[in-house]
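Student: Please pick one part of this structure and take me through it slowly. I'd like the terms spelled out as we go.

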Amino acid sequence: MVTRVLKTDPEHPESNIISEAAQILSDGSVVAFPTETVYGLGADALKPEGAKRIYEAKGRPSDNPLIVHIADVSALGRIAGEVPREAEALADAFWPGPLTMIFPKSAAVPSETTGGLDTVAVRMPSHPVALALIRESGGYIAAPSANVSGRPSPTTAEHVLTDLDGRIPLILDGGEVGIGIESTILDLTGDVPEILRPGYITQDQIAAVIGTVEDDPALGVVDDTAHPKAPGMKYRHYAPNAELILVSGKSRDVASKINALAEENREKGLKTGVLCTEETKPLFNADMVASIGSREDEIGIARHLYALLREFDECGMDQIYSECFSDLSIGTAIMNRLEKAAGHKMIEV
Ligand code: TXA
Ligand code: MG
C-alpha cells in the first residue's frame, strides 16, 4: 500500500482534503491525523472493522481499547450508557482538550473498539483538523496514537510516516503538535474518580472542578504485580530502540555517573546518548548530548520528549541515559512516560 501524505492547514483545514479522508474512514479504513496532544490513527469507532484495521496497522494487542473522539458534547449520549454530573462539569472545563473520560459503554459501540471492555473512553480534541474530520465522518473516530505499538507517540507527520509507511493509506500533515504527550485519562465508572494515565491536565486541575480524585493505585507500582485499569499502561511503551536508563540524584552526581558509564560504553564500542537540560548540558561528555530545554519549562519538556527519544535512535545510539524531572504538575506525566519508556530502569546516585 502507498501511504499518501497531504499537507493540511492546521487552523483552517481544506474541505476537499477532509472529505477525502472521511471517505476513507467510511470505507472502513484508517487515516492518521493531528490532535493537539499527539497524532492519532483514526477509524470509524462504530464499525468493528475500523478497530481491526487500527490493530493491524499498529501491531497493537487487540485487548488494548481505543479512545473514541467526538466533536460535540451532545455526541456522548449515543455511546455512553451513563454520564455522571462530574463528567458534565469536566467537559465544560476541559473540552475540547486533552482529557479522556471513561464511561459505561452503550450498545452502539462495538466491543472491538473497546478491546472487549464494557466501558468506553471518550475525548473531544481541540485540534481543528481533528474536529473537522470527526464532524465530516459521522461524529465518532476511534484513535490510538499513530505509532507502531510500543514506540514513542508521534508529534509530527514524519514520525507517523517513519512508523506506518506502507501500512496506512493517508496521513494528514498539520505540522508539529502543540502539547506532545497524550491526554489525561480519568475513570468515572467507580465510586471515586481515578486517574489511569497522567497527562497534560493535572490532578489538581481536575480536583479543582470535582473535588476528590485519586490515582489508579497501579500507577506507582513498578513490578509485574500491578494491574493498571487502562490496559495500555501495562505494556512497555513510548520506548526508543536504544536501551533507556533514568538516573536520579543531584545534578553533579548524575553527570559524573553518566559520564563514567559513557566511558565504559565507549570502551565496549557502544554509543551513548544523554537526555539532559539547558542547565546541565555543559556537565556531560558522551556521543550525543541533547538538551530537551530548560528545567523551568516543563511544558516545553513534554512537547519535545518523544521527538528527542526518536532522534537518539536516528543517530544510532545504543544506550540513552536521562536525567529525572520533578514529579509535580505536568512533571507527573513526563516522569510516567520516561519510566515506562525505560521499562522502569533507574539508577539512584
Ligand atoms: O492524547 C491521546 O489520548 C491520544 C490522541 C490520539 O487522542 N490517544 C492515545 O490513545 O493516547 P492510545 O490508544 O495510545 O492510549 C489510550 C489508552 C490506552 O492505555 C488504553 O488502554 C486506555 O487508553 N483505554 C482506552 N479505553 C479504555 C477503557 N475503556 N478503560 C480503561 N482504559 C482505556
Ligand atoms: Mg499510544
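**The second largest pocket**

Tutor: Sorted by type, the residues lining the second largest pocket are 17 nonpolar, 13 polar and 6 charged. Here, Ala, Val, Leu, Ile, Met, Phe, Trp, Tyr, Cys and Pro count as nonpolar, Asp, Glu, Lys and Arg as charged, and the others, including Gly, as polar. Keep in mind that this is a predicted model, where local features need pLDDT of at least 70 and side-chain atom pairs count only at pLDDT 80 or more, while totals for chains, interfaces and linings use all residues. Residues are numbered from 1 along each chain as its sequence is written, chains are lettered from A and ligands numbered from 1 in the order in which they are written, and side-chain values use heavy atoms, with hydrogens and water left out.

So what's a pocket? On a 1 Å grid over the protein atoms alone, a pocket is an open set of points where a 1.4 Å probe fits, with protein on both sides within 12 Å along at least five of seven lines; lining residues have an atom within 4 Å of a point. This one has a volume of about 550 Å³, counted as the space filled by probe spheres set on the points, which are joined across faces, edges and corners. It has 36 lining residues, and Arg-60, Pro-65, Ile-67, Ile-185 and Arg-197 lie nearest its centre. Strand 6 gives the largest share of the lining, 4 residues; strands are DSSP runs of E, at least two residues long, numbered from the N terminus.

Next come polar contacts, here pairs of N or O atoms within 3.5 Å. A polar side-chain atom of Ser-183 sits 2.5 Å from an oxygen atom of ligand 1, and one of Thr-37 is 2.7 Å from a ligand 1 oxygen. At Pro-231 a polar backbone atom is 3.3 Å from an oxygen of ligand 1. On its own ligand 1 exposes 680 Å², and the protein buries 98% of that, by the Shrake-Rupley method with a 1.4 Å probe.

Key: Polar contact = N/O pair within 3.5 Å; in protein donor to acceptor, adjacent residues only side chain to side chain.
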